[in-house]
Amino acid sequence: MDFELNETQLMVRTMVKDFAEKEVAPTAREDDINETFPTEILKKMAALGLMGAPIPEEYGGMGLDWLSYGIMIEELGYQSQAVCSTVRAHISLGAQSILQWGSDEQKKKYLPDMAAGKILSGFVTTEPNVGSDIAGIECMAVDDGDSWILNGTKTWCTNGSNADIVIVIAQTDKSLKGRGLGAFIIPTDSKGYSAHAMHGKMGLRSSDSSEIALEDCRIPKENLIGKIGEGFKVAMSAFDRTRYCVAAGAVGALQQCVDASAKYVADRVQFGKQLGQFQLVQEMISEMRVECEAARLLVYRAGCLKEAGKPNTIETSMAKWYSTEAAFRGANNAIQVHGSYGYTNEYPLERILRDVKACTILEGTSQMHKLIIGRDTTGIAAF
Ligand SMILES: Cc1cc2nc3c(=O)[nH]c(=O)nc-3n(C[C@H](O)[C@H](O)[C@H](O)COP(=O)(O)OP(=O)(O)OC[C@H]3O[C@@H](n4cnc5c(N)ncnc54)[C@H](O)[C@@H]3O)c2cc1C
């Protein structure tokens, strides 16, 4: 077992850390307050090739390995979960779904522009009546000769109002449930597609979450990804990738909590002593750090399994569940360490707490991950 990062992984760490400090951190607070979508940050990321980080070079990407990609997301997550959310939806839900399941024509048509950041993407399974149980999707796709016609309402689509294309998972035959699902590429300028940004979220406020209405939305036949009946698998494989990214981003957020707390307790004096000299304060920071290291190891193991092409659904679930819950606990403790200052947006901690709460819900709730892990451990399906 080798715990050393290779040259590429170290280079990615340095480059993205530097980028995120210079380009993401300065506006993170204002972007959160104003719910500003990070368009300028995405342009700068695209200029560095980061919008296509794990996309193969033949499609215009950087061809990064899974661990390097996870490190990139971790460093973005250190500064902003909202930027992380935007990027992982585009790369891991959008582009990598086309890479894994798309035809040669689809790959050639979309991937180079996606990797270059010229096309932004989203991906949506969720509907007003459908969350964890995606086999119950109600949005319908009807075969109409040389096109598909889609009708239905989707919700919580990350990037939905800013994307150029959205991959929609829709039903073709209700009696087939999960086996009737298909994955469809919808250009967002299609007649019958409309998106409305959702406001008033607790966290991830500068990430775009949108409701989507599909009203007789006609798309060409060739916009189906894979085959009818494969939509469930397309979604599950997309979740395996983005759960990894959510976990990596949460590790970044937790590291920010550790670093901010360590700095604060060295500077702040109460009862004539540095806060760091009080054992109860040290305890909070020690717990945070160990949880951060444990979460990082789970994420890196999942990344290494992905890179080796080995099964990793359970390991990815473990990483996602543990990292996001640990980040929530860590942010809570980091606020406690900072006292009343931590309760204001002068420090990023209250934003991290609000942001990582979302990470315990999206891409499979913590409960769903426990069920997945429990089913694998006991051999008994509890859902
Ligand atoms: C910020 C944000 C961004 C998002 N981005 C996207 C996106 O880009 N695309 C997309 O498609 N969706 C997106 N989502 C939606 C997200 O995937 C869903 O919220 C998630 O799958 C949970 O569904 P739900 O909210 O409907 O909760 P429900 O499924 O209704 O669950 C409610 C509660 O019941 C529990 N529960 C449900 N079923 C079971 C069970 N069998 N056993 C035990 N407990 C259960 C859950 O754990 C949860 O606590 C996003 C959500 C958020 C908050």
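Two residues are in contact if their C-beta atoms, placed from the backbone, lie within 7 Å. This is a predicted model: local features need pLDDT of at least 70, side-chain atom pairs count only at pLDDT 80 or more, and totals for chains, interfaces and linings use all residues. Numbering starts from 1 along each chain as its sequence is written.

**View 1. Helix α8 meets helix α10.** Helices are DSSP runs (H or I, at least four residues), numbered from the N terminus. Here α8 spans residues 313–342 and α10 spans residues 366–378. From α8 come Ile 314, Ser 317, Met 318, Lys 320, Trp 321, Thr 324 and Glu 325. They meet Ser 366, His 369, Lys 370, Ile 372, Ile 373 and Asp 376 in α10. By class, this contact has five nonpolar, four polar and four charged residues. Ala, Val, Leu, Ile, Met, Phe, Trp, Tyr, Cys and Pro count as nonpolar, Asp, Glu, Lys and Arg as charged, and the others, Gly among them, as polar.

View 2. Domain bounds come from an automatic or database assignment. Domain 2 covers 121–232, and domain 3 covers 239–378. Their centres, taken over C-alpha atoms, are 31 Å apart. Four residues from domain 2 and six residues from domain 3 make the contact. The domain 2 side has two nonpolar, two polar and no charged residues.

**View 3. Contacts of Ala 331.** Neighbours within four places in sequence are left aside. Ala 331 is then in contact with Ala 253, Cys 257, Leu 349, Ile 352, Leu 353 and Val 356.

Definitions and conventions: Axes fitted to C-alpha atoms, helices over the stretch in contact; angles between N-to-C directions. Helix = DSSP H or I, 4+ residues; strand = E, 2+ residues; numbered from the N terminus.
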